[in-house]
Each structure stands twice: as structure tokens, then as C-alpha cells.
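Hi there,

Here is the structure I said I would pass on. Could you have a look at it alongside my notes below?

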Amino acid sequence: MNVGAGAAVPSQDASSASPFRVRTSRGRPLGRDDELGILLRVAEEARRGHDARIVLVSGDAGIGKSTVVDTFVAGLEGARVLRGECLDTGAGQLPYAATVQAIRPVLRDPEQWGVEVSAAARVSLSRLVPDLLGAEGTSRVDALGQDQLVEHLLGVVEQAAAACPLLVLVIEDVHWCDPASRDVLGYLVANLGGVRVLVVMTARTTEVGRRHPARPLLDTVTRSPRATRLDLGPLDAGALLSLLRDRIVDARELGDVMDRSGGNPLYALELANGHGALTDQLADLLLARFDGCADPTKQVLRILAAVGGPVDHVVLLEVSSLAPDELDAAVREAIERQLLIVDGVAYRLRHALIADAIEAGSLPSELLAVHSALADRLLQGGGIDAEDVAELARHLRVAGRRDEELEAAFRAATHARTVFAYRDARMSLERVGELWHLVPDAEARVGTDLPGVMQAAAQCALADLDERRTVALATRGLELLGDAEQDRERAAALHTLVGRGHDLDWERSEPAFRTALSLVRDQRTPLRARVEAAFSTAMMKQGIFGEGEALAAHAAEVAEAVGEQTAWAEALITLATIRGQRGDAAESARLFARARRVAQDAGAVVQQMRAASGHSGILANQGAFEAAIEECQRAVDLAEAHGLGRTRGMDLRINLLGPSIDLGRLEGALAIGLEAMALAPEGAARGGLLTQTGMAAIRSGDVRLARWLMEEADREMASSRQIWFQCFWGQLATEVALAEGDHETAVARVRVAFAAATDPDGPAFWAGEVGALYAEAVRAAGVDEDLDPVVRAVRDRAATGETRVHAGERTRLEAMALASRGGDPSAVIERWNDALACYEAMPMPQRVAMCLLELGELHLRVGDRPAARTALARAARTAKDIGARPLLRRAKELLARHGLTTPTVEHTGVSAAEQPDPLSGRWQQTGHGWVIGLRDMTAVVPDAKGCARHRGPPRQQRPGRPRLRPDRVRCPRATDRGHRRPGASTLRPQDRRARRAGDPGGASW
């Protein structure tokens, strides 16, 4: 047994203090008392702490995972249990199968479970449980459906947990989990918090390699600070002896079985059943027992193996074509041979390994006949439920009925899109593509041609945020389409998908968009509006403002004329952003307001969020930081109101970080960034969050954390040339290099960023900030460079309208330029005072402290010690207030070096002894990822190896809680249950062994 924990297990005996205890029964698994005790203690921790806990029960096949969990759940008093099971059915499994099985009882009788399902949730969740919708009508497909669906599922689980002492959610065999359920489980693991929920998952460790589809989910689970990994090892000799005592009389045979089983209870039982005919391979034993069955029994067992789960007696009767008495006799024989068990009104194989043995021992013709019979039953009556169509496709595939399989796979894709399982839909459509040339009348069967199939698959890939597959499938569609002139609209749509898929690769994205535009340029259609809106947005990201602005204006005109409101809203947002970043704040605000109205009329939630978030960025660059935070909070509230707060709404936090950092709320910004980036969509959203969080880290003095965030952002964006990233990331990289004393790298980084910030066709208001940093880097490197060209370039960018932030940064740059060319000290001091006044007016405390430090040093040079002391003391107090440790350290060093009285600076964070060296930071890498200690919290951020799409933060903001404000962040304290003090190690023993063996990713599966 191995227990790897993020959440600590109480040391006291929970059975003596907890209302939860497993009732003693004859069925209690032998040799597993310790494991059951751990499950009880974690359950009690979840109940007492009002905080979710996760237990991953892992081990080899047959080791007893299900037996332990079944015993725990069956005897658990005072709790309610939901169960789901993942089945080994390959690509034919229904999307969300395990999730639906677990949650169905709640959705069918929410009142009994204490759950109130809102109208919006009812419409969304009816995709999974159709009878939930009742008489309210049918739900419509929504591009945001999958995100809303998982948030509504989370809300149902949270409500059910609030209505009982403890909710236990059991998901078995997650190594077989379907893609959609993997997404849901990863999301629940990341977001369940503050509720009395125990999630128990079982998995076979031997079946999950590094490239296994379930590996990212299991890595996410084990890295969660609330997770406990329970590895079931072999039974000891005493437990095995008790297990086999009544089955084997011969002592020598008993010893042989114990040796050969390796402590695996299932292996031991199977070997014991073989008596003198022992073999080393369990499959041989199972196959021998199967071969000994009568033919009718073999037929029944083949049906059960083909289905992969419970099978009703009626279904067996229909598919097997056996007479009732023959079926009864066959079932009895299978039960007597311990191959089959009764499961309510159905039958199932006693263990999944039996199915493997049966299939291995059957002829292809026998398997074909079974799967064909199962398919025929599903097709009876000429109709089939949407929930069964994926299973039908699987049976038809094994049966070799390609024409029918193609049709079923296409229908499976349609159903998967309906329930927002875009990955499942894409995989089914790709299977349709594989079968296409094997079925002569394929187009007639599915109602579209092969390019249409590829286009639909590419759209599913884009909705699933899989940009690589989007490009591949859209490109394949174009190849199949041939001459674009013969179908200009479809070719334009496919080229647009290629352009969107290359979001971070402008050299490939631009030609695709231009080709799409050329195909629709002579039209005034909704498609043209969509193509132009998408292309102009991509140009805006690249800083191509001239052409992008003109294209966005035309897209808005066409979209308004043809009634394409979503494209109209997107084009207006692009226009507003470009004009705002060029300094026209009033026109920008007007366009953003109009975009919001259009998006509201269209019900385009994403565009409504983009409008509010984009406007907040313009406000921040105007120096209206509080207003920017309020506007961004509006976008976050909108996301939460539409069930998107903890999915797509997470990346909106990027516009909370900038104004928070400028206002000096460094710890709050760092906490928000660490939480948000763990769930933000991959790509530009996460890259931006990593970069801005890195700015908060470097300015608070955590150089090592800042470097890690900088490198992660660069990997995430694949060295993107998008203008905003070049500017933001260039600033972060420069500040990290300066903090590390690498002045040559700092100068090189800032030159690239400055070239992007002063591009005449790009945004205007980043030039001042990057220009001032340019002067800092040159000064630190001791480079003798004339800064006047830098000053002129920055002034030129402000020609169309200068923001307050830009004015402050420009003035700071001018002060450094004046000093660099030997200007009069009094004139230099006056210029620094001008910059100080600009920053104090907004305010920007971190910049205020920087100006005060410069003024202190200047006053010392001219011999004005009282003025120097005043400036440096103010700098120290300001730096202390905002947690800017590098500035505080510099102020105190100057005061001490020049014999000035050191001001009293109360420390409000960790003790001086605990403060790290600037180059080591406040973090360490563990088996769970990076553990970062802040003033009053510990955050766990999964590292890059094996992370799933949903990466789990320590706690997420919940709808209905106080709004997430950077100045009022309340994070879990280091002394809270389940959270470690800053710097505490969470490295598990197996992680240390793996690390010594050269595996940086943690314990091997």
C-alpha cells in the first residue's frame, strides 16, 4: 500500500471519532483494514473540513480495487453515493457515459437530492438526460455548450453535497474513461472545493503508460493538493492463507499458489481453482474454464464480453436465440464456474479479464456473429436512440458491416455534437472519413460529401481547442474539395478554419485568411462578414492596425447589412480595441458600448465578455485602474451568470492583473493569476496570464518564480509574434534578466520589445513603458547610448493622444535620458518630480517608489541629505505597503550605506528568516507541481509535464461569493486544513525515488 497525499490524512483513528464507519460484515476484504481505515479518515476529513477530497485507488488488475471500494461504500453510514463506471468499449462508448451514469439519479429526481435545477441548467443538462427537459421544449446547440454543461454539472454536485452530511462520487476504471468524461472529471477535481464531497476513482496502474489517453487526468488528480493516492499492493501471507484456506487442502499446493499469485487475490483464487493443473498465466486459467463450458454457455459469455457491461436477461434471450430454459441453464453454469455474476436484473462478467480471455479464445467468425446480432437488435424497428448509436457503430465495426457502420458513426458524431462532446464527435467523423471509400453510396447515406465531413470535423476540433487537428482536418477538406472556384463559399470557410487554427503562427495564418477573403470579396454575405471579422481580429493581435481597422470597419458594415450579428459584434470590438490603443479613448468607449448591445441582441455571450474585457484594457492604459477592474469584473460576472465562470471566464482575469499590478496589489494579482492560469484555455489566454503573473512575481521579488512563468509563457505561445505578447513578454524577460544581473540579455530583450512597441502600424500606448525599461536596461549594462532617438520614438507614438500612463512613463524616460547626457542635476531632479507627480495622480505605487529611489540618490549626489532621507523613507514605506521587496531592499541599503536613520518598516508577511534569496524565490517543485508560498496562502500550480487541459488550483471563486477583487483577495491560509505552510515539502516517497531515477515527472504509472 502506498499513500501519496496532497491533503493530509488525520493521524487519529477516525473510526472512534467519526460518524462514518464501515459496518463489519463477512464480506469485508481480507488484509485491507488499513486501506479501509484511510478511506474512512479521508471521508471524515471531507465532512469536517467542508472541503472536497479525492482518493485514487490504484493497482494491478485483480488486486481488489473494486472490492475495497464496494465494501467502503456499502457500509458507509450517513452518506449518499453516486456511482459511474467506465467500460472497455473502445471508440464506441457514449460521450459522458460514466458521468451520466453517476449523475442520472440526481437529475431524474432533483428534489429528493436537495437540488434545484435552474431553467438554463435544465436546458443544458437535458442533452445528457433527455427526460429532464420535460415539457419545456428542446434545447438548442450552443457554441459554449460544453463549458456550460460542465459548470452546470459541478453546480448539481455542489448542491447535492450541501444537502447531505457527505456526498461520495465513485468513478471506476478511469483508465477506460471516455474523452468527454475525462474532461468533466478533470474539471471537477480542479474546482470542487468548499463542499462535503469525496471523489473515489479506481484505475489500473499497469494500463496507463505515458501516452495513455487517461494519463493527463490521473496526473491532474495526483497533483491536486486535496488528493490521496491509495496504491493497493499484494496481500500478505496471512491474508492469502485466510482467503485460500477453504479452497486448498494440500499444504504444498497452497504454498505453490501463494508463490505464483504474487499476492494478487484474483490470481490466487484462479490458481486455486486450477488445483493440480496450475499454469503461470491467468489468461490460460480463465480460458481453460471457458473452454470447459457447454456451447450455449459460451455463447452467453461471448455476448457479455462483447457488450462490456451489464446485460439484461431479455437482451440475452433475444440475441442468443436460446430457449428460455436453455438460457437459464447456461447462466447457471457460468455462475457455478465463477465466470458470471448477477447484477440486479442483469448479468455481468465477474472480472474484465474474463472478457479478454473469452475474446482471445474465440474465433473471428464467432465474434463477428455476436457483434452482428447485437447490432441487429439495436437496429430492430428501424429506429435507434441517440444514446445507443455509438455502441451500434462499435458492433458494426467488429462485424465488418462497413456501410452501416459509416452511417452509425456519422449519427454518433451528430449526437456527440449535440451534447458538446466535440472530441468524440471529431473522432467519429474521422472514422467516417476512413470508411468513405469503402462505401459506394456514402454520400447518400450521410447527406453530405467527404469535404463536408472534414469541415465538420475541423469545426469540432476548433471547438475542442485542438488547433493542430483543426488545421489538419481543414487542410484535408481543401484537398478533397479540389478547385476552390467550384465551391467558393465552402473553400472560404475551410481556409478560415486553417487561419483560426494557426492562431499563434501568423506566417501560416495570414495566407489562409487572405485566400478566404479573396474567395468572398465580391459578395455581401454572412460568410464574408465572418471571414473579415476573424481576419481583422487576427491582424489586431499582430499589431497590423492600419489594414485591420479598415477590414474591421467593412466587416461591421457588411454584417449589419446582412444581419450577421455575432460577426458584427466581433468587428466592432476589433475597431474599439484598435482605436483605443491608438489613443482615442472616447471613440473606443462608444464602440465597445455598441458592440455590447449588438452582442446582447444576438445572445453572443463570448462577444459580450470580450467587449467588457477589452474595454477594461483600454481603461487601464488610460490610468483608470479602478474603473478597469470594475469593467473586467463585469465580464467575469457575465461569464459566471452564463455558467462559464470557471471555464472560459478564467482567462478574463488577465485584465484584472494589469491594473492590480499598477495599483501595487502585487500579492492579490499573483494569487489571481496563479488560480486563473490553471484553468485558462491553452494558447494566447494562458500565455497572457502566465506573462502578467510573472510581472507580479518579479516586482514582488520572486525572481525564480518569475523566470519559470516567463519560460512557460514562451512555450505556451511558441514564440508568437503577436504584438501584445512581444511587448508584455519582452518586458517580463527584460526585468527577469536585470534581476539576475544578466545585463546583456536584458538589453537584447528590450530592444526587440521596443521595436514592436514603436511600430507605426501598431498600438500607441506601450511605447512609453517599454521605452523607460529600455533606458533602465542600457543604464544597468553601462552602455554608452544616446537615448534621444528612444525619446523621440516614444513621443511620436503619443501623437494621436497620450494616456496618463504613457505620460508618466515618457516623463520617466526623459529624466533618465537627461541624466545620461549629463544634464544639470536640478533639471534632472525636476523631471523626476514631474514623473512622480504623474504616478501619484493615478496612483501607481510601484512607480512612485521607483521615482522616490531615484530622487533619493540624486539628492545624495548634490549633498541634500534631509531631502534624500525623506525620499528614501517614503520609498521604503511605499515598497513595504505593496510588497515590492526589491525596492524595499534597495531603499534600506541606501539609507544604511549613507548613514541615514533607517525607518521602521513593519513586516506583514513571512519572517525575515523565511524570506528567500531573490534568485531562489518562494517556491519549490514537488510531485504535485510548483508549491508557491504567498503572504497568507499556498498555491499549487501543476507543472508542464503531463498536465491536463483542466489544471487544478487550490480553490476557485464560487458564484454567489463576494466578487474577486485584487485588493480583497482572501486566500486559504497556510495553517488551514489541507494547505501547507510556505516552503513545506509535498514530495511523496515515490516521487523522490522517481526523481533519483531521472524521472522529473514524478511517480511512474
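This is a predicted model: local features need pLDDT of at least 70, side-chain atom pairs count only at pLDDT 80 or more; totals for chains, interfaces and linings use all residues.

The hairpin of β8 and β9 has two residues between its strands, and there G344 takes a positive phi near 70°. If you want a place to start, find L340, which stands opposite L349 in β9.

Three strands make up an open sheet here, in the order β7-β9-β8, with antiparallel pairing. Since β7 (311-312) and β8 stand at the edges, each has a single partner strand, so one side of each is left without a neighbour in the sheet. The pairing of β7 with β9 is antiparallel and runs over two bridges; to locate it, look for D312, whose bridge partner in β9 is A346. Helix α13 (residues 295-307) lies across β7, β8 and β9, and it runs at about 80° to β9.

Next, a helix pair. The axes of α33 (residues 666-677) and α34 (residues 684-700) come within 9 Å and cross at roughly 150°. That makes α33 roughly antiparallel to α34, because an angle over 145 degrees counts as such. The crossing of these two helices, α33 and α34, is left-handed.

Which residues of α33 and α34 meet? From α33 they are L666, A669, L670, G673, L674, A676 and M677, and from α34 they are R686, L689, L690, T693, A696, A697, R699 and S700.

As background, most residues other than glycine have a negative phi, and most peptide bonds are trans. Here are the places I would look at with that in mind:

- Y96 is not a glycine, yet it has a positive phi of about 65°. You will find Y96 in the loop between β3 (80-85) and α4 (97-108).
- S321 is not a glycine either, and its phi is positive at about 65°. The loop that holds S321 runs between α14 (313-320) and α15 (324-336).
- M842 and P843 are joined by a cis peptide bond, with omega at about -5°. P843 lies in the loop between α41 (825-841) and α42 (845-861).

Are Y96 and S321 buried or exposed? Y96 is buried, with a relative accessible area of 0%, whereas S321 counts as exposed at 64% relative accessibility.

Finally, the overall picture. The secondary structure of the protein comes to 45 helices and twelve strands. Of the 1005 residues in the protein, 60% are buried. Among contacts with a separation of 6 or more, 70% are between residues 24 or more positions apart.

Happy to talk any of this through once you have had a look.

Best wishes

Definitions and conventions: Residues are numbered from 1 along each chain as its sequence is written. Side-chain values use heavy atoms; hydrogens and water are left out. Axes are lines fitted to C-alpha atoms, for helices over the stretch in contact, and angles run from 0 to 180 degrees between N-to-C directions. Helices (H or I, at least four residues) and strands (E, at least two) are DSSP runs, numbered from the N terminus. Angles under 35 degrees count as roughly parallel, over 145 as roughly antiparallel, 65 to 115 as roughly perpendicular and the rest as oblique. A crossing is left-handed if the near helix is turned anticlockwise from the far one by less than a right angle, and right-handed if clockwise. Contact means heavy atoms within 4.5 Å. Two strands pair if DSSP finds at least two bridges between them. Buried means under 20% relative accessible area, exposed over 50%, partly exposed in between (1.4 Å probe, protein chains only).
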